[in-house]
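Subject: Structure handover

Hi,

Here is the structure for your set. Please load it first, then read my notes below.

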Amino acid sequence: MTEITNVSEYEKLAKERLPKMIYDYYASGAEDQWTLKENKNAFSRILFRPRVLIDVSQIDITTTILGFKISMPIMIAPSAMHKMAHPEGELATARAASAAGTIMALSTMATSSVEEVASTGHGVRFFQLYVLRDRSVVAQLVKRAEKAGFKAIVLTVDTPRIGRREADIKNRFVLPQHLTLKNFEGMDLGNIALYTEDSGLASYFASQVDRSLNWKDVKWLQNITKLPILLKGVVTAEDARLAVEAGAAGIIVSNHGARQLDYVPATIMALEEIVKAVQRQIPVFLDGGVHRGTDVFKALALGASGVFIGRPVVFSLAVDGEAGVRKVLQMLHDEFELTMALSGCRTIEEITRNHVMMEWETPRISPKL
């Protein structure tokens with residue numbers, strides 16, 4: 001096999017290896033998939049303003065997220081059902097994240113349980129939560145995540161209903177028979193395998209998720225856990241301000257990998273208004289479209305404290321298991337470090353808005369040093 005030199009190459013290889021139903025589930029977005037393309041393309045409209053003649057012989061890309069020191073501002077986003085990509089699934093992903101010294105967020109809809117992921121060894125892990133109609137089940141999931149040593153709850157807030165993913169409808173997507181949603185084992189939550197109309201996942205999800213979820217429920221969640229709560233799925237300044245008022249520990253600017261409402265802006269384009277709205281009271285993270293170290297730098301220059309990657313993880317997992325995920329994290333680490341050096345930044349703190357410009361704007365010129 002020729003050497004893989006960038007993250008995007010894993011997607012092409014994964015397409016060759018995975019069954020069509022599974023590849024399409026991971027790869028596709030909602031409806032016309034405009035936002036899916038835009039999540040990536042929007043990064044190309046942000047240009048660099050590199051500074052030169054700066055001593056970049058020593059570069060430190062470590063950072064601190066919610067008090068946890070990690071190796072780089074690149075983390076693993078929650079995504080469902082990793083065992084569809086590789087038999088070791090989320091366990092391989094967790095080991096790769098731990099080896100890279102970064103954070104993994106585990107999905108509620110994982111094919112490995114919080115306990116199984118915790119058993120892979122040390123590592124900072126967050127638990128992504130969908131609020132289901134049965135609140136006692138939700139409380140149980142949160143308690144199990146706490147007990148298993150997870151350090152934060154990532155509350156997904158953009159999914160009162162599942163987006164229209166036409167590839168899944170065409171393929172009549174169902175979870176392969178040998179797999180289960182491990183976090184739900186032993187709970188009375190119906191059997192996803194019985195949902196075979198259209199997209200089985202969409203039908204099952206519709207039967208379980210609480211469409212009434214609202215800002216009061218953030219308070220309810222705070223009352224049942226001491227863990228910090230990140231809100232994932234905020235794309236407007238108005239909701240960012242409400243998140244601060246609600247006591248969120250952070251925001252993940254996300255459009256659910258362009259799988260929910262089509263024609264929302266790319267997350268990188270929504271980022272700056274949210275950063276301005278929160279006025280540094282809480283950290284803001286970005287999820288969606290990141291496939292280069294240059295993308296990470298652009299997100300940080302626009303005010304993000306870090307990024308989460310989703311599809312690159314499942315595609316590299318499909319191609320080469322744990323080693324594939326390790327390689328994706330290493331490639332992004334190295335590209336990001338190189339971007340910092342070539343932009344004249346030695347630490348994360350030195351990355352500023354003056355290091356980038358939108359294609360259509362007049363450059364911001366720093367005052368004389």
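Overall picture. This is a predicted model. The protein has 13 helices and 12 strands. Along the principal axes, the C-alpha atoms fill a box of roughly 65 × 50 × 40 Å.

Burial and surface. Of the 369 residues, 54% are buried.

Contacts. Take the contacts with a separation of 6 or more: 74% of them join residues 24 or more positions apart.

Helix pair. H10 covers residues 237-245 and H11 covers residues 267-278. Their axes lie 8 Å apart, at an angle of about 35°. The crossing of H10 past H11 is right-handed. H10 brings Ala-237, Glu-238, Ala-240, Arg-241 and Val-244 to the contact. H11 brings Glu-273, Ile-274, Ala-277 and Val-278. By class, six of the contact residues are nonpolar and three are charged, with no polar ones.

His-86. This residue sits in the loop between strand S4 (74-76) and helix H4 (89-100). Is His-86 buried or exposed? Its relative accessible area is 19%. The cut-off for buried is under 20%, so His-86 counts as buried. Leaving out residues up to four places away in sequence, His-86 touches Leu-317 and Gly-321.

Best regards

Note on methods:
Residues numbered from 1 in each chain as written. Predicted model: local features only at pLDDT ≥ 70, side-chain atom pairs only at ≥ 80, totals over all residues. Heavy atoms only, no water. Helix = DSSP H or I, 4+ residues; strand = E, 2+ residues; numbered from the N terminus. Buried < 20%, exposed > 50% of the residue type's maximum accessible area, 1.4 Å probe, protein only. Contact = heavy atoms within 4.5 Å. Axes fitted to C-alpha atoms, helices over the stretch in contact; angles between N-to-C directions. Left-handed = near helix turned anticlockwise from the far one by under 90°. Nonpolar A, V, L, I, M, F, W, Y, C, P; charged D, E, K, R; others polar.
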